[in-house]
Amino acid sequence: MSVKDLKRMGNPILREVAKEVSIEEICTPEFKHLLTDLFDTMNDSGGIGIAAPQIGVSKQVTLIKIPSDSNRYPETEESKLFTIINPKIEVLDQELQGFWEACLSVPGLRGYVERPRKVKINYLDEFSKKQEFIAEAFLATVFQHEIDHLFGKLYVDRIKDLNLLSYEEEYQAYLMKH
Ligand code: ZN
């Protein structure tokens with residue numbers, strides 16, 4: 001197990017467009033190692049998603065796994081583990097939905113972000129197999145948040161009203177109910 005240091009907002013790697021991964025590379029032991037590091041770091045930090053740039057690797061890879069017992073996101077449905085490589089995202093429903101997002105690279109904060117409520121993602125999995133997944137509701141937000149990381153974007157870029165950016169404790173004290 002190898003838990004990596006998380007890169008935080010301000011680190012330029014989080015603002016780069018990450019490189020696509022070749023099919024040959026997906027088969028290499030080094031790449032499997034990267035997937036293990038991402039998984040271990042996500043678990044260690046209690047995250048529900050992690051992108052390679054967040055551990056200092058500028059490649060188009062992200063993992064998503066919503067556990068059944070997420071403290072940070074109560075009342076969310078459990079998901080399987082998604083390994084997402086070179087994703088292409090398409091909006092299927094422009095209608096916006098808002099969630100209070102958090103990010104391992106922006107520790108201690110929460111911000112209210114509105115995003116399209118339904119998206120389709122085409123990507124390669126860890127076996128280089130083409131996959132298509134339609135994400136709705138909270139999972140649609142998680143996919144968009146993680147894929148943003150591969151294109152140099154953070155959720156704070158998408159907050160429309162900065163009154164809705166808060167420290168975690170103040171979020172719980174004042175904002176959570178609204
Ligand atoms: Zn994030």
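The bridge partner of T62 in β3 is I84. This pairing belongs to a predicted model, in which local features need pLDDT of at least 70 and side-chain atom pairs count only at pLDDT 80 or more, while totals for chains, interfaces and linings use all residues. Residues are numbered from 1 along each chain as its sequence is written, and side-chain values use heavy atoms, with hydrogens and water left out. Helices and strands are DSSP runs numbered from the N terminus, a helix being H or I over at least four residues and a strand being E over at least two.

β2 and β3 run antiparallel and are joined by four bridges; two strands are said to pair if DSSP finds at least two bridges between them. β2 also pairs with strand β1 (residues 49–51), again in the antiparallel sense, over three bridges. On that side, T62 in β2 stands opposite A51.

Q54 has its place in the loop between β1 and β2, and with a relative accessible area of 1% it is buried. Contact means heavy atoms within 4.5 Å. Leaving aside residues up to four places away in sequence, Q54 touches D5, L6, K7, L14, C103, L104, S105, E146 and H149. K129, found in the loop between β4 (109–124) and β5 (130–136), is exposed, with a relative accessible area of 52%. Under the same exclusion of residues up to four places away in sequence, K129 touches Y123 and L124. The C-alpha atoms of K129 and I23 are separated by 9.2 Å, although these residues are 106 residues apart along the chain.

Rolling a probe the size of a water molecule over the atoms shows where empty space is left. On a 1 Å grid over the protein atoms alone, a cavity is a set of points where a 1.4 Å probe fits but cannot get out, and lining residues have an atom within 4 Å of a point. Grid points are joined across faces, edges and corners, and a volume is the space filled by probe spheres set on the points. By this rule there is one cavity of 30 Å³ or more. The largest cavity holds about 150 Å³ of space. Its lining comprises 17 residues, of which I48, Y73, A102, H145 and E146 are the closest to its centre. The elements that give two or more residues to this lining are β3 (82–101) and α3 (137–149), and α3 gives the most, with six residues. The lining residues of the largest cavity divide into eight nonpolar, six polar and three charged. In this scheme Ala, Val, Leu, Ile, Met, Phe, Trp, Tyr, Cys and Pro count as nonpolar, Asp, Glu, Lys and Arg as charged, and the others, Gly among them, as polar.

Side chains of opposite charge can pair when their charged atoms come close. The structure holds 13 salt bridges, a salt bridge being a side-chain nitrogen of Lys or Arg within 4 Å of a carboxyl oxygen of Asp or Glu. One of them joins D37 and K4, whose closest N and O atoms are 3.9 Å apart. D37 lies in helix α2 (residues 29–45) and K4 in the segment before α1 (23–26), so this pair ties together parts that are 33 residues apart in sequence. D37 is buried, at 6% relative accessible area, whereas K4 is partly exposed, at 35%.

A further salt bridge connects E168 with R110, the closest N and O atoms being 3.0 Å apart. This pair links distant parts of the chain, with E168 in helix α4 (residues 168–175) and R110 in strand β4, 58 residues apart. E168 is partly exposed, with a relative accessible area of 23%, while R110 is buried, with 4%. Finally, E101, R115, D148 and R158 are linked in a network of salt bridges.

Key:
Buried means under 20% relative accessible area, exposed over 50%, partly exposed in between (1.4 Å probe, protein chains only). On a 1 Å grid over the protein atoms alone, a cavity is a set of points where a 1.4 Å probe fits but cannot get out, and a pocket is an open set with protein on both sides within 12 Å along at least five of seven lines; lining residues have an atom within 4 Å of a point.
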